[in-house]
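Q: I'd like to learn how to read a structure one feature at a time. Could you walk me through this one?

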Amino acid sequence: MGSGVMALNAGAAPDAIKTISDGQDPAAAFTDAATLGEGLRAARERSGKSLAELAAETKVHRRFLTALEQSDWSSLPSRVFALGYVRAYASALSVDEQSAVERFKRESPDTSVPLKAPIGIAFEDVKRHSPRIVAGVVAVVVAVIGWNVFQRASLHQVAHPSDIAAVPKTWAKGDDPDPQVALSAPLAAPPDQTTPELYITRGLEAELTGVDPTDPAAIAAAANPEPVQKAFNPRGAVYGASANASMVVIQAKTAGALVVRLGDGQALFARQMAPGEAWRAPIGVAATVDVSDPAAFDLYLNGEYGGSLAGVLTPLAQLNSRADQAARALAATQARAQVQAQAAQARAQTQAQTPPSATPAAPTPTPTTPN
């Protein structure tokens, strides 16, 4: 028997003879392991190879071999490369490659496979009950249609003769009308439009308008009011003082240069004005307005149009004085109008409270006695 064993081991390497004699089979260790990683590690340990030796033999990085033994699938590259690493590892340890690949697929399922439509008992129940559902829907539709047909048939009325047994004599054509009813001659058409007479309430005009209807001067002034000048309308940037601190505004109609110099020659404002731009003059400042063309600028006093500039050079004090005089005149006019309105209202109230004078009775003639 010893010669037979020696014959079987003839030509084998010393390491292989030692492994077979000890009964250490890497394939058996792989099969008995619970997981793929544990099986690969057990097979490698029984083979006596290190990770460095396997990495050199399989051309797979040692890090990936360690990931396979530790079942760390997230550290592996794409699934195609991982399957290749498993095959190379199993082949180097004389383990069945297909068995190793199948275990890898079971322990690391492919998440890139698309989900399939659900099948099972629920779908079968729907298919089994679908005829009943269709029959129920058809029954409901037929009931609705039948109800509508019944309603239309019940509401339909058959034509029947009139309840009037005989036509009245007065309806007969050509009969004489009722003698109690008579029509007069047609009246003339009314006018298309009528204008009512003007109703005048004593004292109301004076109270609402402030004009005494008995004062000829007030009536003439109301009939011919002073023309209202156009107001300042900013159509561009407005420079200078604020609106509540200025009475004079110079606005450019066309492009032109505007320079405002103080008494010592220092420039208070200087700009090439575009059409629509304006400059507000401050109050109480001694300065001179210098323009390139007087016709290119409009002057506004207290917000109302005041004409054009008189010349190329215009003292600012003169413009402020004109604005102040115009404001005083407007205030005086408004005060007079208010006084006249109050006086007219007082007269109207007096007339309303005074009773009308009694008209003296005509003397009664004395009868004469004939002689």
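A: Gladly, and let's begin with a helix. Helix H7 (residues 79-92) has 14 residues and spans 20 Å from its first C-alpha to its last, close to the 20 Å expected at 1.5 Å a residue. The expected span is 1.5 Å times one less than the number of residues. Helices (H or I, at least four residues) and strands (E, at least two) are DSSP runs, numbered from the N terminus. This is a predicted model, in which local features need pLDDT of at least 70 and side-chain atom pairs pLDDT 80 or more, while totals for chains, interfaces and linings use all residues. Residues are numbered from 1 along each chain as its sequence is written, and side-chain values use heavy atoms, with hydrogens and water left out.

Q: Which residues of H7 are buried?

A: Buried means under 20% relative accessible area, exposed over 50%, and partly exposed in between (1.4 Å probe, protein chains only). In H7, the buried residues are Ala82, Leu83, Tyr85, Val86, Tyr89, Ala90 and Ala92. Their cover includes helix H4 (36-47), helix H5 (51-58), helix H6 (62-69) and helix H8 (97-107). Just after H7, Ser94 has a positive phi of about 60 degrees.

Q: What does Ser108 touch?

A: Contact means heavy atoms within 4.5 Å. Leaving aside residues up to four places away in sequence, Ser108 touches Trp73 and Arg79. Ser108 sits in the loop between H8 and helix H9 (121-155), and counts as buried at 12% relative accessibility.

Q: How many salt bridges does a search of the whole structure find?

A: Side chains of opposite charge can pair when their charged atoms come close. A salt bridge here is a side-chain nitrogen of Lys or Arg within 4 Å of a carboxyl oxygen of Asp or Glu. The search of the whole structure finds six. One of them joins Lys49 and Glu57, at 3.2 Å from N to O. Lys49 is partly exposed at 25% relative accessible area, and Glu57 is partly exposed at 44%.

Q: Where do Asp324 and Arg328 lie?

A: An α-helix has 3.6 residues a turn, so residues three or four places apart point the same way. Asp324 and Arg328 both belong to helix H12 (residues 316-353), four residues apart, about one turn of the helix. Their side chains meet in a salt bridge, 2.9 Å from N to O. Asp324 is partly exposed at 31% relative accessible area, and Arg328 is exposed at 59%.

Q: What is the strand order in the open sheet of five strands?

A: Two strands pair if DSSP finds at least two bridges between them. The order is E1-E5-E2-E7-E8, with mixed pairing. Strand E1 (238-240) and strand E8 (304-308) are the edge strands, each pairing on one side only. Strands E2 (residues 248-252) and E5 (residues 278-281) pair in the antiparallel sense over four bridges, and Val248 has Ala281 in E5 as its bridge partner.

Q: Which residue stands opposite Val260 in E4?

A: That is Phe269. Strand E3 (residues 256-262) and strand E4 (residues 267-273) pair in the antiparallel sense over six bridges. Their hairpin has four residues between the strands, and Gly265 there takes a positive phi near 90 degrees.
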